[in-house]
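Me: I have a new structure to get to know. Can you walk me through it?

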Amino acid sequence: MRHILVTNAKGGCGKSTLATNLAAYFASEGYETVLADYDPQASALAWLEERSEDYEAITGVSGFEDGLRHAPRNADVIVIDAPARSHGKELTELVRHAETIIVPVLPSPIDIKAASGFIAELMHRGKIEKRQAKVGIVANRVKENTLIFEELDEYLSSLKVPYIATLREAQNYIRAYQRGIGIHELPPYLAWPDWEQWEPIIEWLQSRRSQPR
Ligand SMILES: Nc1ncnc2c1ncn2[C@@H]1O[C@H](COP(=O)(O)OP(=O)(O)O)[C@@H](O)[C@H]1O
Ligand SMILES: [Mg+2]
């Protein structure tokens, strides 16, 4: 059973968007998928409520304390949507639950600053220092050819942490969220640019680079 945690202490950077899209992707590929929503705002579970039976089922669980205890034993993948403001002990506890960690970051001065503090804190968790969990960063809601994206791109490229993908700002994410689906479940003529941008994320997830030995 694989645990993929989506986290960043900053709110609004795309944690729930990435978590729901990851869950939908794995489910649509035939994996037994659980979406664990640790955020009291429960955006991921609200998304799941909109999901119709026409799509592959995803099991939702909630609660930081005992969410995982309610996850079905036969699950292949558990995607964890973390709350904002995860620091200190809470962050250690979150990291304890995962082998793969994805951190979305937005192209904005406030988000870049917050991310640098958060990534530094994250990389000092013992589990990550011991390489028992792997971290990857995703630039999210990107508008190409903007100065602020250039700044974010340069900053993320300068880190020692793998910078795995860039996702554009797109209505597709909003449309998909409203329908309880992921961008991989939208028709190709609408979503192909987003599928392309997800390829490096999927490759990273399938490779050893995202999994401890
Ligand atoms: N790539 C994207 N393109 C367009 N809108 C996005 C994208 N990523 C996130 N959003 C929107 O930004 C807002 C915050 O995203 P969300 O996933 O809820 O962040 P978090 O869970 O980190 O607070 C939501 O309204 C979401 O629909
Ligand atoms: Mg959220």
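Here is a quick chat about the fold, the sheet and the ligand.

Me: What kind of model is this, and how are residues numbered?
Reply: This is a predicted model: local features need pLDDT of at least 70, side-chain atom pairs count only at pLDDT 80 or more, and totals for chains, interfaces and linings use all residues. Residues are numbered from 1 along each chain as its sequence is written, while chains are lettered from A and ligands numbered from 1 in the order in which they are written.

Me: How many helices and strands does the chain have?
Reply: Eight helices and seven strands. These are DSSP runs, numbered from the N terminus: helices are H or I with at least four residues, strands are E with at least two.

Me: And how compact is the chain?
Reply: The chain is as compact as a globular protein of its length, because its radius of gyration is 16 Å, close to the 17 Å that the globule rule gives for 213 residues. That radius is taken over C-alpha atoms, and the rule is 2.2 Å times the number of residues to the power 0.38. The C-alpha atoms fill a box of roughly 45 × 40 × 30 Å along the principal axes.

Me: What percentage of the residues is buried?
Reply: Of the 213 residues, 41% are buried. Buried means 20 or more other C-beta atoms within 10 Å of a residue's own; exposed means 12 or fewer, partly exposed is in between, and C-beta atoms are placed from the backbone.

Me: Now the sheet. In what order do the strands sit?
Reply: The order is E3-E2-E4-E1-E5-E6-E7, in an open sheet with parallel pairing. Two strands pair if DSSP finds at least two bridges between them. Strand E3 (58-62) and strand E7 (163-168) are at the edges, each with a single partner strand, so one side of each has no neighbour in the sheet.

Me: Which strands pair with E4?
Reply: E1 (residues 2-6) pairs with E4 over five bridges, in the parallel sense. There, Ile 4 stands opposite Val 79. E2 (residues 33-37) also runs parallel to E4, joined by five bridges. Asp 37 has Asp 81 as its bridge partner in E4.

Me: Is E4 itself buried or exposed?
Reply: Buried. Five of the five residues of E4 (residues 77-81) are buried, so the strand is largely enclosed by the rest of the structure. Val 77, Val 79 and Asp 81 point one way, Ile 78 and Ile 80 the other.

Me: What about E5, which residues cover its two sides?
Reply: Thr 100, Ile 102 and Pro 104 are on one side of E5, with Ile 101, Val 103 and Val 105 on the other, and all are buried. E1 and E5 pair over three bridges, and Leu 5 has Ile 101 as its bridge partner. E5 and E6 pair over six bridges, with Val 105 opposite Ala 139.

Me: Next, how many bridges join E6 to E7?
Reply: Four, and the two strands run parallel. Val 138 stands opposite Ala 165 in E7.

Me: Last topic. Which residues come nearest to ligand 1?
Reply: Gly 14, Lys 15, Ser 16, Thr 17 and Tyr 173, out of 17 residues around ligand 1. A residue is near a molecule or strand if its C-beta atom, placed from the backbone, lies within 6 Å of it.

Me: Which elements give two or more residues to that shell?
Reply: Helix H1 (15-28), strand E6 (134-142) and helix H7 (171-179).
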